[in-house]
Amino acid sequence: MTARENTQRMEKIVSLCKRRGFIFQSSEIYGGLNGVWDYGPLGTELKNNLKQYWWKVTVRNRDDVVGLDGSILTHPAVLKASGHVDTFTDPMVDCRTCKARLRADQLAEKNGAKQCPNCGGKDLTEARPFNLMFQTQMGASADPASIAYLRPETAQSIFVQFKNVLDVSRKKLPFGIAQIGKAFRNEINPRNFTFRSREFEQMELEYFCRPEQGMDLLAYWLKERIKFYEEIGINRKRLHILDVPDKDRAFYSKGTFDIEYEFPFGRQELEGVAYRTDYDLQQHIKASGKPLDYFDEETKERFVPHVVEPSAGVDRTVLALICDAYDEDSAPDEKGKMETRIVMRFHPRMAPIKCAVFPLLKNKEALVAKAREVQALLRPHMNVFYDEGGAIGRRYRRQDEIGTPFGLTIDFETLGEKGEELRDTVTLRDRDSMKQARIAIKDLVETISSKIC
Ligand code: GAP
């Protein structure tokens, strides 16, 4: 695809997200809040499906991982010890012409000089570090002792609660603590839709181990995480693994891989999988004076565990799911004329709505009653949508555009009016192939459930 085609594709995706209720700009009626987004009804379902699947494969399906739900407000001592207070910065420059504040490392160069993307000006200040953390005040007094931060990553509460979780869970190394939750970064230039936001969610796992297991576990978790993206339906060809070179890695990391996705705006990081050694626990031991070590009952050794961290962004993965799913093909309209069909090819596991139920006609009471019956049958097992408005073709098209993988039509055959053998069967339409098959109502739950779990 050319750059122009990619830009157009992204514009269509952003427009669909708003039109169909995936993602809205935050505080839109007041002009919007830059770098902050609200998820609409379908976006919320999609995001929940992603988080629930991550939790299922990372925590529920394993014996060696437990969960945590830490607070967002964070004690400054935690973030001082972790290094965030002193070094969690991006280089910032000001454009003296248009007064824009810009991230120095993201500026394009023209004829060897960095240029302001807003006005094209080259009169820029020297770069200076800008701390990305949001600071707030706890309690009624506004003195320095009341400073707290909104967490810039979920990881730190896992390190700080390591001992408590170890004591209550009685896990043996290697074991992990997982968390999904909000994080906040005062990004200098939020951009590319939700990709770089100021408020976002992370899905992080801190997997604690013996030092000699670190490198093997790094390779293991990289493989697991690639498998995860394939399982949620991301095209493997659009995923890339970057082995982060020594000079770009945190000084304490012995190995880091970035999992990248080919967004229409370029290849960008979805997740980092890093072997962080014992750096974080050691920092908190030093700063708090508390022992965050591990006693191995078998070898009688006491030591500080090392950690491998797969750290993924919820919002970035949702955006990758949306970009990956967006497709256009052609399908006949009501008069049989071919028209462009927008179809979101979400994996059924991720699709916001799994199944749409349509009575063929809304003014036939028996059809409507049967359709409502089918909806009630499926509802305990999946997110079902009932739609009786408009021609059936148009109803299909509305569901294609939001990625509903299955459509069920309740027609006169269902009522037994075209022969007893078809009574209590419905038409099951597949979103991708648009093929239709007849299926007994009693088989619906099992057939559809097996594809969405
Ligand atoms: N605990 C390690 C950590 O936070 P990171 O690479 O800074 O590492 C992990 O962040 C992931 O969080 C990223 O790969 C990305 O998916 C997501 N993320 C980071 N900053 C983000 C932002 N401003 N907007 C959206 N997602 C972000």
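Modeller: First, a term: two strands pair if DSSP finds at least two bridges between them. Strands (E, at least two residues) and helices (H or I, at least four) are DSSP runs, numbered from the N terminus. The model is predicted: local features need pLDDT of at least 70, side-chain atom pairs need 80 or more, and totals for chains, interfaces and linings use all residues. Residues are numbered from 1 along each chain as its sequence is written, and side-chain values use heavy atoms, without hydrogens or water.

Biologist: How many bridges join S10 to strand S11?

Modeller: S11 covers residues 147-150 and runs antiparallel to S10. The number of bridges joining S10 to S11 is three.

Biologist: Which strands stand at the edges of that sheet, each with a single partner strand?

Modeller: The sheet is open, has three strands in the order S4-S11-S10, and its pairing is antiparallel. Each edge strand has a single partner, so one side of it is left without a neighbour in the sheet. The edge strands are S4 (73-74) and S10 (135-137).

Biologist: In the hairpin of S20 and S21, which residue takes a positive phi?

Modeller: S20 (residues 326-332) and S21 (residues 338-344) run antiparallel, joined by seven bridges. Glu-328 stands opposite Ile-342 in S21. The hairpin has five residues between the strands, and the one with a positive phi, near 85 degrees, is Gly-336.

Biologist: Now the ligand. Which strands each supply at least two residues of the shell around it?

Modeller: The shell holds 20 residues, the closest being Glu-153, Glu-187, Glu-204, Glu-269 and Leu-270. By class, 10 are charged, five polar and five nonpolar. Strands supplying at least two each are S13 (199-209), S16 (266-275) and S19 (306-313).

Biologist: How much of the ligand's exposed area does the protein bury?

Modeller: Start with polar contacts (N or O atom pairs within 3.5 Å). Ligand oxygen atoms lie 2.8 Å from a backbone N or O atom of Leu-270 and 3.0 Å from a polar backbone atom of Gly-313, and a ligand nitrogen is 3.3 Å from a polar backbone atom of Phe-195. Alone, the ligand exposes 550 Å² (Shrake-Rupley, 1.4 Å probe). The protein buries 89% of that.

Biologist: About how much space lies in the largest cavity?

Modeller: A cavity is a set of points on a 1 Å grid over the protein atoms alone where a 1.4 Å probe fits but cannot get out; lining residues have an atom within 4 Å of a point. The search finds three cavities of 30 Å³ or more. Trp-37, Lys-47, Lys-182 and Asp-315 are among the lining residues of the largest, and S2 (37-39) and S13 each supply at least two. Its volume, the space filled by probe spheres set on the points, is about 70 Å³.

Biologist: Which element gives the most to the lining of the second largest cavity?

Modeller: About 50 Å³ of space lies in that cavity. Its lining has five nonpolar, three polar and four charged residues (Asp, Glu, Lys and Arg count as charged; Ala, Val, Leu, Ile, Met, Phe, Trp, Tyr, Cys and Pro as nonpolar; the others as polar). Strands S22 (355-359), S24 (406-410) and S25 (425-430) and helix H11 (392-402) give two or more residues. The element giving the most, with three residues, is H11.

Note on methods:
Near = heavy atom within 4 Å. Polar contact = N/O pair within 3.5 Å; in protein donor to acceptor, adjacent residues only side chain to side chain. 1 Å grid on protein atoms, 1.4 Å probe; cavity = no way out; pocket = protein on both sides within 12 Å on 5 of 7 lines; lining within 4 Å.
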